[in-house]
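Please read this briefing alongside the structure shown below. It begins with the contact between chains and then moves through other topics in turn.

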Amino acid sequence: MKAFAELLDRLVLTPQRNAKIRLLADYFRAAPDPDRGYALAAIAGTLSLATVKPAMIRDLLLERMDEVLFRYSYDYVGDLAETVSLVWEPPAGVAPSDIRLSDAIETLQATGRANVRSVVRDMLDRLDTSARFAFLKLVTGGLRIGVSAKLAKQALAEMGGKDVSEIETLWHGLAPPYSPLFQWLAGEAGKPVLSTPAVFHSVMLATPVGEGDLDELDPRDFAAEWKWDGIRVQLANIGGTRRLYSRSGDEISGAFPDVLEAADFSGIIDGELLVGGTARTNRATRTFSDLQQRLNRKTVSRKMLDEYPAFIRAYDVLFSGETDVRAEGFLARRALLSDLVERASPQHFDLSPLVPFSSWEELDRLRSDPPDPVIEGIMLKRLDSPYTAGRAKGPWFKWKRAPFNVDAVLMYAQRGHGKRSSYYSDFTFGVWTEIDGAETLVPVGKAYFGFTDAELEILDRFVRDNTTERFGPVRAVRAAPDFGFVVEVAFEGLNRSTRHKSGVAMRFPRIARLRQDKLPREADRLDTLQAMIESRS
Amino acid sequence: MKPDALLYPAPKGLYCEIGDFYIDPVQPVDRALITHGHSDHARAGHGQVLATRETLDIMRIRYGDGFCGTSQAVALGQTIVVNGVEVRFHPAGHVLGSAQISVAAKGTHIVVSGDYKRRRDPTCLPFEPVPCDVFITEATFGLPVFHHPDDRAEMHKLLTSLKQFPERTHVVGAYALGKAQRVIALLREQGYDRPIYIHGALQKLCDYYRGEGIDLGEIRPATLAADEKQDFAGTVVIGPPAAFADRWARRFVDPLAIFASGWMMIRQRAKQRGVELPLVISDHCDWPELTQTIREVGPSEVWVTHGREEALVRWCELEGIAARPLHLVGYDDEGE
Ligand SMILES: [Zn+2]
Ligand SMILES: [Zn+2]
């Protein structure tokens, strides 16, 4: 536990990404199995451990500490786990003896509710201060150390001298404590063989077209495709095992039995999951709101399948049969893909069409006025680009339609988290509509980014000076036709929503500009937003 | 006599009316007894100063020859009588020359701890418990959260980091008197024998410590002439904490910010200062040492000053020991 605790202490205070990777990689090299595997799981968020309530930790402490002294201490430190780790004194005669991380976790996993109190007390007595802190953060589920699963995978790659895509490919087929993975990375064993062969391969991502990015590039080196407004997926059928993954590698097979059943070809393809009819059946592609009806479900009813039929618009192929074709160029892969789609079910698969163009100006026009409302932009792919994991700049670009903009009025604000916890930085805003003959603001979205630090100061000041009501961490602010704060909100799309009073929900809203030059009465109306949905469906 | 007739807090500091002297006064007075050389305790401009020889030397280094009217060096354990009050200095274990001051008259005996610690320190004599009626203790780290770890384990962290990040300059913030020399001495004890680079503000005091027979190994200035080129990669550079904010710190390659202080026990403290590697090395007692010292000294009354008074007073109450806070002003509770 000691080494793990020291690692956490260092990671929290280390700002540089490369330094974090080195700290992690060195830890992974030095720590034994299965400790390092549990550490990895704790950091990457794959550890399952029933959590202990902070109130229980506090109770355990007050069994042996004066409450006044505890209060002085807690007020000073400000964090319960840290306070307890610091003030805890083992009874006389109990010397600290490090507990292995794996022993601590396996013991907790095996402990029933009735005994958890005494098990936790016993561990707190045996650990030293820093290990006690790590342990408390683990058991209260509050391990926040600023390291993402992605960074942890980078560190694994560094440890074993492998490419991170190799780790990502294996990742979803492995589980804590990851011993085969570490043995392979340490050069003590071969690459782990996964029990489920149809495993996720990291997807290739595009970078947004920035100012001047295309100036030096020749349009003849690129193919263009529409960027469809569904969700990016990977469909695998290897050795008869079929799986559907989101682009981050989460398995979503359960929600799309229709697509899986139809996937009777062998290989792995990349595409957009959509609802509606394929081009091959000559029926329209439906909106993201319709697709949402099918997302996040464990099972799907017959009715659902009929009303919201799902299909895949194929972009690329990674494996043709059992053969890895990712090293081939885009055109060569596309020929294989075209073949594969040709033979697949016409109701469930079609090929993403290429968009012919001869200049960037022409493509820009097509991008701003696409022929189908479910298109959200253009994808540009170098004709000779191999399929590589991650987001390298150069081979693939995405060129989105300009996002939508409306002027809205600030209605509520909530305290932010972490670095922003001293600011009101999460904002709910609304637009005007008439309810029972009166002009009323209805909330249409919530945003917590898009503004600069200086703009945040202004917003925060406004919130503090104009609070009308408080509900816990939320403050309502003054918002009348002639007094209030107008913000320009940019967003990527609109969905119908039954959860929101306004009936619409924004996708990826952000505060694009502060409009202190406008009065709330000049802000947009709900009708405008409804018309935006109308025009696209 | 009643203890607070012998010694009581006055605006300029702790005052002994019978002896007509102050202990660590914060403003100029006619006669001052000084516990140790830290600038909030040892100020310039007093008429007569009584202190250990080392403390007087340190004051001279910091303030120049005219730092007081007259000075008198007092040997540890020696009894001197000031206007009928018996005064003795005892080692406090805080920094080189630091002392507790014992004051006795008419059957009443008070010991003023000054700043003190109980850990072993290769750069000064260890604290000596002196039985007394009233023990005036400092409480810089007077909260149950402070349990300072073993300083060898802390130094080990620094040595590990030097191996792990050999391309970065390890810049250690440490107070110029005591802490800086202790960090160097601890590094030497751990077998670190490469040159250690220091900020100019540390030079005179390091020289003084060496002159007193404390082995600091090879020390070089981290201040270089303009035409010299050195990148300090992989070296240990020590400077006063205040120097980190100014241009001085910018000369180093990819600096790794380290701070050697008891405050580094608290993660938020380290974070706020932008410290990447906190080293919990304190020249003051932690909570168990404060409470253990009170038990050992066994006074009938404890007066608490300098830091977090309320928690230690509460602890005394729980232990059935009479205690009160002194609320002295003018001392730096944070400098460590
Ligand atoms: Zn001091
Ligand atoms: Zn002091």
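What is the area buried between chain A and chain B, and what share of it do carbon and sulfur atoms give? The area buried between the two chains is about 2,500 Å², and carbon and sulfur atoms give 59% of it; buried area here is the accessible area (1.4 Å probe) that two parts lose on being put together, summed over both. This is a predicted model, in which local features need pLDDT of at least 70 and side-chain atom pairs count only at pLDDT 80 or more, while totals for chains, interfaces and linings use all residues. Residues are numbered from 1 along each chain as its sequence is written, chains are lettered from A and ligands numbered from 1 in the order in which they are written, and side-chain values use heavy atoms, with hydrogens and water left out.

**The contact between the chains**

- Chain A brings 27 residues to the contact and chain B brings 30 residues, where contact means heavy atoms within 4.5 Å.
- A:Arg10, A:Leu13 and A:Tyr76 supply 28% of the area that chain A buries against chain B, which is more than any other three residues.
- A:Tyr76 also belongs to a cluster in which ring pairs link it with B:Phe141, B:Phe146 and B:Trp263.

**Chain A as a whole**

- Chain A has 19 helices and 19 strands; helices (H or I, at least four residues) and strands (E, at least two) are DSSP runs, numbered from the N terminus.
- Of the 537 residues of chain A, 52% count as buried, where buried means under 20% relative accessible area, exposed over 50%, and partly exposed in between (1.4 Å probe, protein chains only).
- Among the contacts in chain A with a separation of 6 or more, 69% come from residues 24 or more positions apart.
- In helix H6 (residues 80–87) of chain A, eight of its eight residues are buried, and the cover over them includes helix H4 (54–62), helix H5 (67–77) and helix H9 (129–139) of chain A together with helix H6 (267–272) of chain B.

**The zinc ions**

- B:His41 (NE2), B:Asp115 (OD) and B:His306 (NE2) coordinate the zinc ion (ligand 2) at 2.0 to 2.3 Å; donors are N, O and S atoms within 2.8 Å of the metal (3.2 Å for Na, K and Ca), and water is not among the atoms, so sites may look incomplete.
- B:Asp115 lies in the loop between S10 and S11 of chain B, whereas B:His306 lies in strand S18 (residues 301–307) of chain B, so the pair ties together parts that are 191 residues apart in sequence.
- The zinc ion (ligand 2) is 3.4 Å from the zinc ion (ligand 1), and B:Asp115 coordinates both.
- B:Asp115 is buried at a relative accessible area of 3%, and B:His306 is buried at 6%.

**Aromatic rings**

- Over all chains, a search of the whole structure finds 25 aromatic pairs; rings of Phe, Tyr and Trp (its six-membered ring) pair if their centres lie within 6.5 Å, and planes under 30 degrees apart count as stacked, over 60 as edge-to-face and the rest as tilted.
- The ring centres of A:Tyr448 and A:Phe449 are 6.0 Å apart and their planes stand at 65°, so this pair is edge-to-face.
- A:Tyr448 is partly exposed with a relative accessible area of 48%, and A:Phe449 is partly exposed at 41%.
- B:Tyr116 and B:Phe135 also form an edge-to-face pair, with 6.0 Å centre to centre and 70° between the planes, and both of these residues are buried.
- A:Arg313 lies over the face of A:Trp228 at 4.2 Å from the ring centre, where a charge sits over a ring if NZ of Lys or CZ of Arg is within 6 Å of the ring centre and within 35 degrees of the ring normal.
- B:Arg324 lies over the face of B:Trp303, at 4.4 Å from the ring centre.

**Backbone details**

- The peptide bond from A:Asp33 to A:Pro34 is cis, with omega near -5°, and A:Pro34 lies in the loop between helix H2 (17–30) and helix H3 (35–44) of chain A.
- The peptide bond from A:Pro176 to A:Pro177 is cis, with omega near 5°.
- B:Asp24 is not a glycine, yet has a positive phi of about 50°, and B:Asp24 counts as buried at 4% relative accessibility.
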